[in-house]
Amino acid sequence: MRYFKSTDLPQVFDLATRALKERYNPNIFLDLSPYWRQGFIVLEDMGKIIGFVFGITVSSVEARILMLAVSEERRGHGFGALLCRQFFQECASKGIRLISLEVRVSNHSALRFYEKLGFVAVGEIKEYYSDKEDGMAMQLYL
Ligand SMILES: CC(C)(COP(=O)(O)OP(=O)(O)OC[C@H]1O[C@@H](n2cnc3c(N)ncnc32)[C@H](O)[C@@H]1OP(=O)(O)O)[C@@H](O)C(=O)NCCC(=O)NCCS
C-alpha cells in the first residue's frame with residue numbers, strides 16, 4: 001500500500017472506469033491529488049494496482065471519499081477495508097474528525113460495506129449522479 005503517483009494514472013483510471021458507473025475526467029486525479037497526497041492511496045500487487053481510495057479535505061476537520069474501488073477479481077478479501085482503514089489513519093493524523101461520502105442508492109454492496117466500517121446513512125440526495133440516480137450521503141465520525 002502506498003500513495004498515488006502520477007505514473008499510476010492509467011491503471012487507476014482504468015480501474016475506476018471498470019468499477020464505477022460514474023464517468024470521470026482523468027484530469028480530476030492529477031488536479032486534486034497534489035492538495036492532499038496522503039488522501040490518495042493505492043494497493044499494488046506485483047506491479048498491478050488492485051485497489052485505490054481517493055479522498056480530499058473539505059475543511060480542517062472534514063474529508064470526503066470521492067472514489068473507492070477494488071478490482072472485481074480481488075473483492076471480498078478485505079482489501080477495501082484495508083484501504084479505508086489506512087485512509088482513516090491518514091485523516092486522524094491530520095486532525096480530521098468527520099469523513100463523508102456519497103453512494104448510489106442502488107449500490108447495496110457498497111452501502112453494506114461502508115456500514116460495516118461504521119459509516120451511517122444520513123440522507124438521500126435527489127438526482128445526485130449524472131444519470132439522475134439518487135445518492136445516499138454517509139458519514140463517519142472518527
Ligand atoms: C465496495 C468495495 C470497495 C469493497 O471492497 P472489498 O475489498 O470487496 O471489501 P472487503 O473484502 O474489504 O469487505 C469488508 C467488509 O464489507 C463487507 N462487504 C463487502 N462487499 C460486500 C457485499 N457485496 N455485500 C455485503 N457485505 C459486503 C464484507 O463482508 C466485509 O465484512 P467482514 O469484515 O465482516 O467480512 C468493492 O466491492 C468495489 O470496488 N465495488 C465497486 C466500486 C464501488 O462500489 N465503490 C464504492 C462506491 S464509491
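View 1. Around the ligand stand 20 residues, and R75, G80, A81, S109 and R112 come nearest. A residue counts as near if its C-beta atom, placed from the backbone, lies within 6 Å of the molecule. This is a predicted model: local features need pLDDT of at least 70, side-chain atom pairs count only at pLDDT 80 or more, and totals for chains, interfaces and linings use all residues. Numbering starts from 1 along each chain as its sequence is written. By type, the shell splits into 11 nonpolar, 6 polar and 3 charged residues. Here Ala, Val, Leu, Ile, Met, Phe, Trp, Tyr, Cys and Pro are nonpolar, Asp, Glu, Lys and Arg charged, and the others, Gly among them, polar. β4 (62-70), α3 (79-93) and α4 (108-116) each supply at least two shell residues. α4 gives the most, with 5. Helices (H or I, at least four residues) and strands (E, at least two) are DSSP runs, numbered from the N terminus.

**View 2. The two sides of helix α1.** In α1 (residues 9-19), V12, L15 and A16 are buried (20 or more other C-beta atoms within 10 Å of the residue's own, with C-beta atoms placed from the backbone). They lie on the same side of α1 because they cover an arc of only 100° around the axis, taken from the directions from the helix axis to the C-beta atoms. On the other side, P10 and R18 are exposed (12 or fewer such atoms). The cover over the buried residues includes α2 (27-32), β2 (40-45), β3 (48-57) and β4.

**View 3. The largest nonpolar core.** This core has 30 residues. It is a set of buried Ala, Val, Leu, Ile, Met, Phe, Trp, Tyr and Cys residues joined through C-beta atoms within 7 Å. V12, I41, F52, V53, L83 and F87 have the most contacts inside it. At least two core residues come from each of α1, β2, β3, β4, α3, β5 (98-104) and β7 (135-141). β4 gives the most, with 5. Leaving aside residues up to four places away in sequence, I41 touches M1, Y3, F52, V53, L83, Q86 and F87 (C-beta atoms, placed from the backbone, within 7 Å).

**View 4. The open sheet.** The 7 strands run in the order β1-β2-β3-β4-β5-β7-β6, with mixed pairing. Two strands pair if DSSP finds at least two bridges between them. β1 (2-3) and β6 (120-125) stand at the edges with a single partner strand each, so one side of each has no neighbour in the sheet. β5 and β7 run antiparallel, joined by 7 bridges. R104 stands opposite G135 in β7.

Note on methods. Contact = placed C-beta atoms within 7 Å.
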